[in-house]
Amino acid sequence: MGIEGEETAVEQQRRPRILCLHGFRTSGEILKKQVLKWPDSVLRRVDLVFPDGPFPAEGKSDVEGIFDPPYFEWFQFNKEFTEYTNFDECLSYIEDVMIKQGPFDGLLGFSQGAILSAALPGLQAKGVALTKVPKIKFLIIIGGAKFKSPSVADNAYASPIQCPSLHFLGETDFLKPYGLELLESCADPIIVHHPKGHTIPRLDEKGLETAERFLDRIRDVLAEDEEH
């Protein structure tokens, strides 16, 4: 079998299905536009789904004038990010999306969506969220951080996040120190550094290579799981 045949075999393998959680007061459509600027070599390796958060934005969006409304949020929080409103409703909503549009293999999150994504495997392992859907097998975290409230954190990070995770850390991102802190709770993190701030970066050569390698590894893990 020639090279072409081998490539076809790779393309035929099931692509990981990923639930993509957008940033605070943005939308699934906005995240889609941001992620779809990544190269085809990454995008054709995955199957992406971009839902809107459950709640219409309760205030001004940072992307107003850049991206069109409507804007949504996953939950609300106080200034110190230690108290959350509608958090249980948010978890139920995500589970509902996963039941209706899944099954999903992994999560991709940006900003508020990244904080949420990184907490979900631990909450799932503790049996406090996503109890009716398959186990989350990997994470892609862009501009993430940890929850500060003990009521969430004690469950989310009780033990290291076991699934493989790919983290994008921006040099000038205000969340970078918190993104580094999140790495300490991950058993198997892979890191892509980029020079930008709190944004979804374009991928340079090194970042692209890292992302492709990570996704190939995930695909192999899923293929092994399906054989057993």
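**Reading the model step by step**

Author: Start with Ser41, which is found in helix H3. Keep in mind that this is a predicted model.

Reader: Does Ser41 count as buried or exposed?

Author: Buried means under 20% relative accessible area. Ser41 has 15% relative accessibility, so Ser41 counts as buried.

Reader: Which residues is Ser41 in contact with, leaving aside its neighbours within four places in sequence?

Author: Contact means heavy atoms within 4.5 Å. With those neighbours left aside, Ser41 is in contact with Leu208 and Glu212.

Reader: Now a whole helix. Which residues of helix H2 are buried?

Author: Helix H2 covers residues 28–35. Its buried residues are Gly28, Ile30, Leu31, Gln34 and Val35.

Reader: How many residues are in the largest nonpolar core?

Author: A nonpolar core is a set of buried nonpolar residues joined through side-chain atoms within 4.5 Å. Here the largest one has 39 residues. Ile94, Leu116 and Phe147 have the most contacts inside it.

Reader: Which elements give two or more residues to this core?

Author: They are E1, helix H4 (87–101), helix H5 (112–125), strand E8 (138–142) and helix H6 (150–156). H5 gives the most, with seven residues.

Reader: Take Ile94. What is Ile94 in contact with?

Author: Set aside the neighbours within four places in sequence. Ile94 is then in contact with Leu19, Leu21, Trp74, Leu116, Leu120 and Leu130. There is also a second, separate core of 25 residues. Ile18, Val35, Trp38 and Phe168 are among its members.

Reader: Leu130 is on that contact list. Where does Leu130 lie?

Author: Leu130 lies in the loop between H5 and E8. Its relative accessible area is 3%, so Leu130 is buried. Check its backbone too. Phi of Leu130 is near 50°, a positive value in a residue other than glycine.

Reader: Which other residue has a positive phi, near 60°?

Author: That is Phe81, again a residue other than glycine. Phe81 is placed in the loop between strand E5 (76–77) and strand E6 (84–85). With a relative accessible area of 13%, Phe81 is buried.

Reader: Let us turn to rings. How many aromatic pairs does a search of the whole structure find?

Author: Rings pair if their centres lie within 6.5 Å. The search finds 15 aromatic pairs. One of them joins Tyr84 and Phe87. Their centres are 6.0 Å apart, with 45° between the planes, and the pair is tilted. Tyr84 is buried at 15% relative accessibility, and Phe87 is buried at 9%.

Reader: Which residues form one aromatic cluster?

Author: Tyr84 and Phe87 belong to it, along with Phe24, Phe75, Phe77, Phe81 and Phe147.

Reader: What sits over the ring of Tyr157?

Author: The charged end of Lys146 does, 4.9 Å from the ring centre. Tyr157 also touches Ala145.

Reader: Where is the place of Ala145?

Author: Ala145 is in the loop between E8 and H6. Ala145 is buried, with a relative accessible area of 5%. Not counting residues up to four places away in sequence, Ala145 touches Ile115, Tyr157, Leu175, Tyr178 and Leu182. Ala145 and Ser117 are 28 residues apart along the chain, and 9.9 Å separates their C-alpha atoms.

Reader: Which peptide bonds are cis, with omega near or about 5°?

Author: One runs from Pro69 to Pro70, with omega near 5°. Pro70 lies in the loop between strand E3 (55–56) and strand E4 (72–73). Another joins Gly102 and Pro103, with omega about 5°. Pro103 lies in the loop between H4 and E7.

Reader: Finally, the record. What does UniProt list for residues 15–205?

Author: The UniProt entry, which is unreviewed, lists "domain: Serine hydrolase" there. In the model, the end C-alpha atoms of residues 15–205 lie 23 Å apart. The span is 30% helix and 20% strand.

How values were computed
Residues are numbered from 1 along each chain as its sequence is written. This is a predicted model: local features need pLDDT of at least 70, side-chain atom pairs count only at pLDDT 80 or more; totals for chains, interfaces and linings use all residues. Side-chain values use heavy atoms; hydrogens and water are left out. Buried means under 20% relative accessible area, exposed over 50%, partly exposed in between (1.4 Å probe, protein chains only). Helices (H or I, at least four residues) and strands (E, at least two) are DSSP runs, numbered from the N terminus. Rings of Phe, Tyr and Trp (its six-membered ring) pair if their centres lie within 6.5 Å; planes under 30 degrees apart count as stacked, over 60 as edge-to-face and the rest as tilted. A charge sits over a ring if NZ of Lys or CZ of Arg is within 6 Å of the ring centre and within 35 degrees of the ring normal. UniProt positions are given in the numbering used here, feature names are shortened, and annotations may be inferred rather than shown by experiment.
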